[in-house]
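Subject: A structure for you to explore

Hello,

Here is the structure I promised to pass on to you. Please open it alongside this email, and then read on for what I found.

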Amino acid sequence: MLKIFKKKKEESKPKKEEGPITETATAETTTEDNSDAGSSSQIGQRNDIKRVIAVISGKGGVGKSTVSSLLASALLAHGYKVGLLDADITGPSIPRVFGVSGGSMGKNDYGIIPRRSRKGLKIMSLNLFLADEELPVIWRGPRIGGAVKEFYSQVDWGTLDFLILDMPPGTGDIAITVLQSIELDAAVVVSTPQDLAFTIVRKALHMLNKHEVPVLGVVENLTSGICPHCQHEVELFSGGGIRQWCEEKQVNYLGSIPWDAALSYCADRGQIDNYYPEAVGQMVAAFLAALPAIEDNK
Ligand SMILES: Nc1ncnc2c1ncn2[C@@H]1O[C@H](COP(=O)(O)OP(=O)(O)OP(=O)(O)O)[C@@H](O)[C@H]1O
């Protein structure tokens, strides 16, 4: 006989995930950076963010967070004022790769003060609020969208030339909610050369089209690697049709990043901003060259 287990009633449980992050998760306030601070109604008021650029993949694990971090660091190295918002709420990795730790977040009358990397990149991530970075965040799409929106509007970003948004992976509920939560100026799409990956990444391109977000271009990650034994360059995936696809569809090909052990070494040690090979230089040059067309169409 089938035993039917009644689900325990959960309605009476307090919903822990409700309430603004900026109020519930900020452990401490500080007077740092608020010499001209006003009332709490001034939260986000002095933000002057010139461009919000999303980095998106559609497929998980292709290097979206890595490309977001490299792009933000390279723009900073070019002298731009840059912020990096980790919208990958359930799998945040940005603070770690920049060697920035969490704990109590400072707040002034203009909002939460973002953390600064050693080189001055402004960073905001849910991981910065967690006492233990290994704690999982089990939230549904609307809550995640809400958190990203707060990280955009309730943070004292100040003046930025670029706010880079490391999007959540996938093209489902969570990514769509984030797309709807923040007005984006453009998006950079990341894929590996593998046909399987790029098929899924194309879904992200369709999603961006549907939401009328201009695509700045595609970055191909993990194109090739140097064999540590014979020092020969090896292709890591079959496929390799992305550049041609970009030409056919008149989408900018922003360059390729090879697999490089030095990159993961820097990321693991919180020093991704020390990784600046030629491939990254070429990517940022192509990115900057593609910008005017997007801005002219605004
Ligand atoms: N070109 C590269 N060379 C060496 N390691 C890389 C490279 N690109 C990415 N990695 C490593 O691969 C792993 C996955 O990269 P990353 O976290 O950027 O992927 P993601 O697309 O953001 O993943 P998710 O879908 O979980 O958000 C990381 O450990 C990163 O350091």
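Let's start with Gly58, which sits in the loop that runs between β2 and α2 (64–77). Keep in mind that this is a predicted model. Is Gly58 buried or exposed? A residue is called buried when 20 or more other C-beta atoms lie within 10 Å of its own. Gly58 has 27 C-beta neighbours inside 10 Å, so Gly58 counts as buried. Setting aside residues within four places in sequence, its contacts are Gly170, Thr171, Ile200, Val201, Lys203 and Ala204.

Gly61 is also found in the loop between β2 and α2. Here 12 other C-beta atoms lie within 10 Å, and Gly61 is exposed. For "binding site", an unreviewed UniProt entry lists several positions, including Gly58, Gly61 and Lys64.

Now for the ligand. How many residues surround the ligand? There are 20, and the closest are Gly60, Lys64, Ser65, Thr66 and Pro169. Sorted by class, this shell holds seven nonpolar, 10 polar and three charged residues. Two helices, α2 and α8 (261–268), each supply at least two residues of the shell.

Take a closer look at Thr66, which belongs to helix α2. Thr66 is buried, with 23 other C-beta atoms within 10 Å. Not counting residues up to four places away in sequence, Thr66 touches Asn221 and Ala267.

Finally, have a look at helix α6, which covers residues 195–210. With 16 residues at 1.5 Å a residue, α6 should span 22 Å, and the 23 Å between its end C-alpha atoms agrees with that. Which residues of α6 are buried? They are Ala197, Phe198, Val201, Ala204, Leu205 and Leu208. Viewed down the helix axis, these buried residues fall within an arc of 105 degrees, so they line one face of α6. They pack against β2 (52–56), β10 (186–191), β11 (215–221) and α7 (242–249). On the other side of α6, the exposed residues are Leu196, His206, Asn209 and Lys210. Just after this helix, Glu212 takes a positive phi of about 55 degrees.

Enjoy exploring, and do write back with any questions!

Best wishes

How values were computed
Residues are numbered from 1 along each chain as its sequence is written. This is a predicted model: local features need pLDDT of at least 70, side-chain atom pairs count only at pLDDT 80 or more; totals for chains, interfaces and linings use all residues. Helices (H or I, at least four residues) and strands (E, at least two) are DSSP runs, numbered from the N terminus. The expected span of a helix is 1.5 Å times one less than its number of residues. The arc is that of the directions from the helix axis to the C-beta atoms. Two residues are in contact if their C-beta atoms, placed from the backbone, lie within 7 Å. UniProt positions are given in the numbering used here, feature names are shortened, and annotations may be inferred rather than shown by experiment. A residue is near a molecule or strand if its C-beta atom, placed from the backbone, lies within 6 Å of it. Ala, Val, Leu, Ile, Met, Phe, Trp, Tyr, Cys and Pro count as nonpolar, Asp, Glu, Lys and Arg as charged, and the others, Gly among them, as polar.
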